[in-house]
Amino acid sequence: MDESKATPPSNTARTAALKSVPPASEAEMDERLEAEYAELAATVLKFRPAEDLGGLREAYELARRSHAGQSRMSGEPYMSHPMQVAQILAERNMDLVTLQTALLHDVLEDTPITVEDLKKKFGEDVARCVNGVTKLSKIGLASREARQAESLRKMLLAMVDDIRVIIVKLADRLHNMKTLDSLPRERQERIAAETIELYAPIAHRLGMGKMRGELEDLGFRYLDPEAFAEVTEAIEVRRQANELVLDEIRRTVEKKLSHEMIPARISGRVKRPWSVYQKLRRQKIDIDQVYDLLGIRIVTDSVKNCYAALGVIHNEWHPIPGRIKDFIAIPRPNLYQSLHTSVMGPKGVAFEVQIRTEEMNRIAEEGIAAHWKYKEGKKGAIDDDQRVAWLRQLVEWQREMRDPGDFMSNLKVDLYPEEAYCFTPRGKVVVLPRDASPIDFAYAIHTDVGHSCTGAKVNGRMVPLKHQLRNGDIVEILTQSGSQPSRDWLGFVKTARARNKIRHVINASEREKAIDLGQKLIEREARRMGVGLSRVTRAQMESVAAEYGYSKIEDLQAALGWGKFSARQVIAKLAPESAAPDSQPAAPAVDHTGQDQGKDYVIQVKGINDLLTYRAKCCNPIRGEPIVGYITRGKGVAVHSKACSNVQNLMYEAERRIEVEWSRGAGESFNVRLVIHTDDRTGILAQITQVLYDEEISIRSIEARADDRRFDVAVVELTIEVRDKKQLERVVTTMRRVAGVRDIERKH
């Protein structure tokens, strides 16, 4: 769907997005749409000369009539969007059903057309795919996060049934990203973040490397325009010199491969801006230290010649240790295959080499879209395709997740692992995310193996269960009947499968404990207030539970056990005549050090004013950041930033989660610790502190030192006082503009 009008379900937003087309321009717009359709038809016939385009024309005419009078925020006729989505897919040689779906993908959301209408006119396949792509904009969900989660749930289910749903959705998102300029800045950032966090990783998991690269670079452009401009400029400044080097490398490789009679097609490339930016941030280096900034791709005719070409490259230039990867022998889970190596080339310039066959190259760029084979009468996805297997796994665990936050967080984690290839003692390959643990390995083998895991051997040696697995490790899991998962495992497992299986077991155990504690609290408070529970009927208890929003007495008891309500409140409802006229004030919260924390008045629980709250030390959220509360036993409500790494480990118990918000009018400042990596040069510290002075920000502490690992890098650590997230973002942005500042991290 078109993101320029995708703010459901507000009628105001819809009206603002769907502008009326000025009558005077209708003829001109009709002429333009006809030209776009002619281009689409020509592209289809180029790849599929025998294709009957009658069905395509019918889809175009229906979509055009349905979207008549609508335009995009840019003023273009709205119909130009589905036309361009179809064009993107036609250039990838997609079938007629996919192209019809692209043309019709917004008619269910914005027009009176129904699924039944589409089924009658175009058949079940088109109706199913269009319905799968359509966002749940009309569903009455409270938050944008909930709507997004439900839309993605629906899409995942539809993808398993027919993979063309996500292929259309990715093309839809690609065109939206190319035409994002007309939207407000806030929406640009939101859509760009969603693209990088969700849609680009989905393209990666489906092997669609070219689509992934375009989505990431477009997302980068809008998510951080200044960093994008800086990286792009750095690449452009070196472009002429880099092209000369690449041209020299190409000629040398062509000559050497020709001498060895290895047929090859050779192309050069400069690393994409988003990839460069990620490497600069991750490794704290400057662009001249990026070894794979330049690269060449060798496409040959056979696997045998791939390895022969690798030998030629290594014979000509020295390989860089640790940079040789064989994805032909062990393909990535998305079926990507290629040989990778990095070498020191002419004049000491490092570059990367990728070597693959023509078929491998098609799959690397287009993934499942290049591999699409739709058999007559077959409606499901390609059964034996590993790229679809992960979808089935996602659908399996997403059914168990009711909370939108859990679902979205786990989806993001599961979408974009950097793989480690490990082996069972019998030689079976198990693909896991980088830094996965033996626990992840155990759950990948079988749920029961994970539950009963008590130890692990890696390469014949006993290791801790939090050991980080590496490529090539041989892992043996030790089990014991009757063992149960530990809550501590949630602190280091990397896969969504392991995390959800562990949570399921712990939830059941913790819930039983909470119910038991809640029951004891009621009994104790009843004795203290002189209320005989023997006279309280089950119907009365159920009535009180309903007042708190629970359908079962056990749910209320669990909430009491977690500390969400006080037993006194429940007894007062059961026996109003026994309630004391004045409630005693709650005891102050005490942290794990035994110190009185009191109430943090800059934060309050939504709808409740007297619950104790405190900001968690692990993330120390500041005003303006999204926050979430977690009920702790005896300490009040711990408030975390939603981005806190500990949130996922804590929030597996939905009963202990509670909505919190920043209090209005509170003028407190917040301490924030920053670590700044800079060039080691005179005067840079003065420039950084000048930025803080100009912003009227107090410095609580500051320390500068040379980086022990790199002689030309300095590290500045400082603690500053800020009013809110916006002020912090403003000062960090200004600091990044100081010449020599390489990276800035916020530490907790």
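What percentage of the 748 residues in the chain is buried? I looked this up before anything else, bearing in mind that the model is a predicted one, and found that buried residues account for 51% of the chain.

**Whole chain.** I counted the secondary structure next, and the chain holds 28 helices and 21 strands.

I then went to an open sheet of three strands, whose order is β10-β9-β11 and whose pairing is antiparallel. Because β10 (461–463) and β11 (475–479) are at the edges with a single partner strand each, one side of each has no neighbour in the sheet. From one strand to the next I read an average twist of 35°. Between β9 (residues 453–458) and β11 I found five bridges in the antiparallel sense, and I noted that V458 stands opposite V475 in β11. Looking for what covers these strands, I found that helix α20 (residues 438–445) lies across β9, β10 and β11, and that it runs at about 80° to β11.

**Helix α3.** Last, I checked α3 (residues 54–66), a helix of 13 residues that reaches 18 Å from its first C-alpha to its last, close to the 18 Å expected at 1.5 Å a residue. Its buried residues are G55, L56, A59, Y60, L62, A63, R64 and S66. Beside that list I wrote a reminder that residues three or four places apart in an α-helix point the same way, because there are 3.6 residues a turn.

Conventions
Residues numbered from 1 in each chain as written. Predicted model: local features only at pLDDT ≥ 70, side-chain atom pairs only at ≥ 80, totals over all residues. Heavy atoms only, no water. Helix = DSSP H or I, 4+ residues; strand = E, 2+ residues; numbered from the N terminus. Expected span 1.5 Å × (residues − 1). Buried < 20%, exposed > 50% of the residue type's maximum accessible area, 1.4 Å probe, protein only. Pairing = 2+ DSSP bridges. Axes fitted to C-alpha atoms, helices over the stretch in contact; angles between N-to-C directions. Contact = heavy atoms within 4.5 Å.
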